[in-house]
Number of protein chains: 2
Amino acid sequence: WIIMKREDLQRLERVYSFKDFVTALDFTNKVGALAEKEGHHPAILTEWGKVGVAWWTHAISGLHRNDFIMAARTEEIYKTFV
Amino acid sequence: WIIMKREDLQRLERVYSFKDFVTALDFTNKVGALAEKEGHHPAILTEWGKVGVAWWTHAISGLHRNDFIMAARTEEIYKTFV
C-alpha cells in the first residue's frame with residue numbers, strides 16, 4: 001500500500017494482480033461486500049487482470065485509522081485468491 | 001461519453017450515477033458480464049453512488065469501432081437502472 005495524494009486528498013492505495021477479468025471482478029465484489037458491511041466505501045478500479053483499491057475517509061478528506069484497518073482486511077481477502 | 005486522452009491513449013469514458021454503493025456495484029457486475037461475454041474488457045471504477053467506465057482497444061492503443069458499440073451497450077444496461 002502507498003499513500004497517494006490526489007487533488008489534495010490523501011488516499012491509501014494498492015493495485016492487485018489476477019489471472020483474468022472474472023477473478024478480478026470476483027475480488028472487487030468481495031471487497032465491495034466488506035465495504036458495505038462496514039459502511040465504509042473505497043474506490044475500486046477493475047480491469048482485465050488487476051484491481052486497484054483506494055481507501056480514504058470522506059468526512060475528514062483524508063486518512064483515518066479505520067482506512068488502515070480496511071486496507072489490512074483487503075489484504076486478508078486477497079490472500080484467499082493466491 | 002467523452003474521449004479522454006490518458007498517457008497517449010485515447011479512451012471512451014463516462015461516469016454514471018447511482019443511489020448507493022450496492023447499486024453501483026450491481027451495474028459494475030452487469031457491465032463486467034457483458035465485457036466477459038464479448039471478450040472485450042473496460043476499466044470500471046466503482047465508488048459510492050457512481051461508476052466510471054472506460055473503453056479502449058489495447059491492441060491498437062486507442063479506439064476501434066467496437067469500443068463505440070460497447071459504449072452503446074453500456075448505455076443500454078444503464079437504462080435498466082433508471
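This is a predicted model: local features need pLDDT of at least 70, side-chain atom pairs count only at pLDDT 80 or more; totals for chains, interfaces and linings use all residues.
## A hairpin in chain B

Let us start with one pair of residues: Ile3(B) stands opposite Leu12(B) in E2(B). Strand E1 (residues 2-6) of chain B and strand E2 (residues 9-17) of chain B are paired in the antiparallel sense, over five bridges. Further along, Arg6(B) has Leu9(B) in E2(B) opposite it.

The hairpin of E1(B) and E2(B) has two residues between the strands, and Glu7(B) there takes a positive phi near 50°. Asp8(B), in the loop between E1 and E2 of chain B, has a positive phi too, about 65°, although it is not a glycine. With a relative accessible area of 68%, over the 50% cut-off, Asp8(B) is exposed.

## One sheet from two chains

Now step back to the sheet as a whole. It is an open sheet of eight strands, with antiparallel pairing, in the order E1(A)-E2(A)-E4(A)-E3(A)-E3(B)-E4(B)-E2(B)-E1(B). Which strands stand at the edges? They are E1 (2-6) of chain A and E1 of chain B; each has a single partner strand, so one side of each is left without a neighbour in the sheet. On average, and with direction ignored, neighbouring strands of this sheet are turned by 25° against each other.

## Helices on the sheet

Helix H2(A) lies across E1, strand E2 (9-17) and strand E4 (50-55) of chain A, and runs at about 5° to E2(A). Helix H1 (residues 21-38) of chain B also packs on the sheet, where it touches strand E3 (43-47) of chain A as well as E2, strand E3 (43-47) and strand E4 (50-55) of chain B. The direction of H1(B) makes about 165° with that of E3(B).

How far apart are the end C-alpha atoms of H1(B)? They are 26 Å apart, which agrees with the 26 Å that its 18 residues should span at 1.5 Å a residue. The buried residues of H1(B) are Phe21(B), Thr23(B), Ala24(B), Leu25(B), Phe27(B), Thr28(B), Val31(B), Gly32(B), Leu34(B) and Ala35(B). Their cover includes H1 and E3 of chain A, along with E2, E3, E4 and helix H2 (65-79) of chain B.

## Where the helices cross

Two packed helices are described by the angle between their axes and the distance between the axes. In chain A, the axes of helix H1 (residues 21-38) and helix H2 (residues 65-79) come within 10 Å and cross at roughly 145°. The crossing of H1(A) and H2(A) is right-handed. Phe27(A), Lys30(A), Val31(A), Leu34(A), Ala35(A), Lys37(A) and Glu38(A) of H1(A) make the contact with Met70(A), Arg73(A), Thr74(A), Ile77(A) and Tyr78(A) of H2(A). By class, these residues are seven nonpolar, one polar and four charged.

In chain B, the axes of H1(B) and H2(B) come within 10 Å, crossing at roughly 145°, and the crossing is right-handed. Among the residues that meet are Phe27(B) and Leu34(B) in H1(B), and Met70(B) and Ile77(B) in H2(B). The contact of H1(B) with H2(B) has seven nonpolar, one polar and four charged residues.

## A loop residue in chain A

Most residues other than glycine have a negative phi. Ser61(A) is not a glycine, yet it has a positive phi of about 50°. Ser61(A) belongs to the loop between E4 and H2 of chain A. Is Ser61(A) buried, partly exposed or exposed? At 43% relative accessibility, Ser61(A) counts as partly exposed.

Technical notes:
Residues are numbered from 1 along each chain as its sequence is written. Chains are lettered from A and ligands numbered from 1 in the order in which they are written. Side-chain values use heavy atoms; hydrogens and water are left out. Axes are lines fitted to C-alpha atoms, for helices over the stretch in contact, and angles run from 0 to 180 degrees between N-to-C directions. Helices (H or I, at least four residues) and strands (E, at least two) are DSSP runs, numbered from the N terminus. A crossing is left-handed if the near helix is turned anticlockwise from the far one by less than a right angle, and right-handed if clockwise. Contact means heavy atoms within 4.5 Å. Ala, Val, Leu, Ile, Met, Phe, Trp, Tyr, Cys and Pro count as nonpolar, Asp, Glu, Lys and Arg as charged, and the others, Gly among them, as polar. Two strands pair if DSSP finds at least two bridges between them. The expected span of a helix is 1.5 Å times one less than its number of residues. Buried means under 20% relative accessible area, exposed over 50%, partly exposed in between (1.4 Å probe, protein chains only).
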